[in-house]
Amino acid sequence: MPDVIAWVDEIAPEQAVGACGAKMGRLAELLPTGVSLPKGFTVTVEAYRRHWAHAGLDDVVDAALGGLGPDAGPAEVEAAANAVRAELASQDISAELAALIGDAYEELSSRCFEINVPTAVRSSAIGEDSGTASFAGIFDTYLGVSGPDRVLEAVRQCWVSLFNTRAVAYRLRAGLHHRDMPMAVGVIELIHARASGVAFSAHPVTGKTDRIVIETSWGWGEAVVQGLVTPDHVEVGKADGRVLKYQVAAKTVVSNFDYAVGRVVETAMPARLVDRRVLDDEQIAAVVDAVLTVERHYGYPVDVEWVLDRHRREGEPVCVVQARPVTVTAPAREPTPTEWNPAAMAAKYVFRS
Amino acid sequence: MATVIPVDEFITDEWYPGFKPGYTHAPWYIDPVQTFRKQDEENFWFLDFHWPRGLTPMGLIWNEDGYNWASQLAAEQMPLPPGRGITCRLGGTHTYGSPLPVTDVREIGQRARRLERALPPFLQNFDTIWGDMREEVNESWDYFRGVDLSKLSLEDLRENLIQARQYHKRAFEIHFQVMYPLLANYVGFYSMCTELGLDPGQIGKFLQGYDTKIMETDRELWRLTTAARAAGLEPVFAAHEADGIWAALAAQGGAASTWLTTFDDFLQVYGWRTEGSCDVALPSWIEDPTPALGTIKTFLQKQTEHDFEAARNAAVEEREAAVDAARSTLTLEEQKLFDGGLASCRAANFPWWQDDHNYYIDLRISLPMVWACQAIADRVGAGHSDDTLYLFWEEIMDVSAGRRPYAGLRGLVEERKQYFDYWLQRRPTLPKVVGTIPESVNDPILIEIFGLNSHFLRAVEAVSSGGQVKTLTGVPASKGTGRGTARILHNADELHRLSPGEVLVCESTSPNWTPAFAKIAACVCDGGGTLSHAAIVGREYGVPTVTAVGLATMVIADGDEVEVDGTTGRVTVLKQAVANQAVLNPGAGRG
């Protein structure tokens, strides 16, 4: 019988996506590349299925959603999704499953030399970032969750988020059944972020693959990922790692860890950090190194979410917390010329015909 | 619905007296020179800035041999894939140009392939090619300089005029054969740089700082200014209008005479040039040194001298810094492309050639024709030596062959002078464009030299549909901001009206306007792209310049206080001259 818990550094890479969902599976896949990954485990698809069977939810969901077609109105969808979520939220996780998750969490704390280590609890559904469907940002993520009870509750909220209104609507339109995308949940140590960000190994707008684009801000990456802050924008030449462009943005919001609440929250950026450049050249090189390693692994352009640990020393890697091959690239473009060809340039730019 | 500006005012015009409009008396390659016909409204025509005074009958030879022969021929020889060069129509004495598009997709493809084969060797061998062409032009120039026209019979003068026209025609074949490929290469490079994310305001700098023959002339004018100041001649220049300075200096003797000797030496080298571009109606500085003396007069008004060495070194430094800064933002792959394009554009440097060629071609190539026409005028007893410039080619051929007595044309010449003057007066209010305004134009000469970019086309549309214009925008051609009193000049004869620190506002500039850049605060042109004369010289002299503004000469009034931002391309009218307020705010002042 498959395990309900899969450690990032223990699961066989070829089984990772099937057992751990897209997000956590891809992370585990990167283990052989040697990039720095956070410690953590996944509450697997199997765990989700057991919970599902234990709570007997099939009937509930079928009753609520069965009648909805691809053309269902927004109000109808919302009502149905609310009904499902209310039902799911009232179902306790079985004692057996809760104990397994609790044990894993304690093991994680121990591996991190901490008691009640703060974690990031992330939804990781099967197929959530497939080529045809993108559920980016639709499912829940909780940052800074500590203590077994809170972790358990966060896992359950992630499961419930499979039925949030946007996800239900999206599946209806795409003709997907919720059983096609069971929800695994990752529980990983919360890296204490000095800075974090995203990095693309191809230009997200032009699609050109000769430069790496990095967007970054102080603290955790939530504010960057959710677009709450305008990040510093960095472009680096892929062939020689030279910084081609560094635009320092006015960063007015920061995601930081609120010790009183035990969560990562968004607050105003301290004045002295608003206009300060986030990454120096050495740190940029570390981000580039991680991105290129991930790109080599997949063989095509990737985007990577990374964190710079506040205890990181010069020469050490940055930590990759999410990676995704970019299979849907920018619109097909003509091949980039490699040599100056005056007639071709004139044809392209002067005699647009 | 496309905007159509009617051509009716030109159709109803009787045209030059005694000559049948639309009659063409020269071979053309694709389309002949004609006066406007109603069906021309289907095409797009722009007022050509080269001849702000209009053209005399003999001056129209440029249209025939330049646009309708040489540009059309060049566009076929090194084919422009979508265009067959430029044709023109005459609105009174004024020239409107138009592109001749190729529309057949198959043919465009074939022309593109021909261009692909022909362009690289041309660019790689540009130095040799241009050198040979220059030598050819110079050799003929020496020939015409060496002929003593006073010793020729009327029949031989006729033969000399035919030779001179052939020389003129050949020079413009060379002109367009070089201009199209150089420009195509440059625009390709410029556009690629823009696509690589480089700042368009920086791209023009990559090719600056190379000396041209025209800059050499300016440098000598400054040397003469310094000498005049040292000789204590400043009061003489200050006390006289430009056309009275020579006589005043000659009358003074002493140091003034010595200076005039130096000035004559200068003229022998640099004075074989007209004051405007390729117009037989213009004298050379040798015949009339007023423009050169006027320039020195205005230079003297400027207390600090223009340091050419420093300006050139600064331009070179700025060039190298701009290239380094640009390269640092490019990936290795992009650098390879950029370096290739830059090397190609440096080996065949369009902005440099665009200034340099004027010395060898545009400013002097019509002089042998003028000399022959004048000699014929003297020989046939015309009242004034320029009278033959008011004859059409067939007429002067007949007169000089003795087939037709000049006396019978005398009255016509007078009428034609009046006709010329009538249209000269109308120039400032002529429509800048007529016919059907297109979505876009894709002849590189029309885009970059005439500034017929989409901004210009949209501005013209806005104004012809009654829109109000207060802040004007154009192409940011030379960075920086400058503020001052606007001087609206319609041709270079008026340059003496410019005082130091003022803002030059004009249709466009040509090399004879260059000296003005040493003293103006900013420059605004109706036409012109980043490669027009004003743009290039503006950058060399560090004068904020905005081109392709569209209607600056109409919207800005002489005396207006204006601010010119050459970095953003914005021109703001800060304080309107009183007379102009009614134009800008038609409702104001009526209550």
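1. In strand β6 of chain B, G435(B) is the bridge partner of F44(B). Strand β3 (residues 44–47) of chain B pairs with β6(B) over 3 bridges, in the antiparallel sense. Strands here are DSSP runs of E, at least two residues long, and helices are runs of H or I of at least four, numbered from the N terminus. Two strands pair if DSSP finds at least two bridges between them.

2. This is a predicted model: local features need pLDDT of at least 70, side-chain atom pairs count only at pLDDT 80 or more, and totals for chains, interfaces and linings use all residues. Residues are numbered from 1 along each chain as its sequence is written, and chains are lettered from A and ligands numbered from 1 in the order in which they are written.

3. Strand β1 (residues 4–5) of chain B also runs antiparallel to β6 (residues 433–436) of chain B, joined by 2 bridges. Here I5(B) stands opposite G435(B).

4. Chain A holds an open sheet of 6 strands with antiparallel pairing, in the order β9-β8-β7-β6-β12-β13. Because β9 (243–247) and β13 (319–325) of chain A each have a single partner strand, one side of each is left without a neighbour in the sheet. β8 (residues 232–237) of chain A is joined to β9(A) by 4 bridges, and E235(A) stands opposite K245(A).

5. In the contact between the chains, 22 residues of chain A meet 30 of chain B (C-beta atoms, placed from the backbone, within 7 Å). β9 and α11 (342–350) of chain A each supply at least two residues of chain A's side. The largest share, 7 residues, comes from α11(A).

Notes. Contact = placed C-beta atoms within 7 Å.
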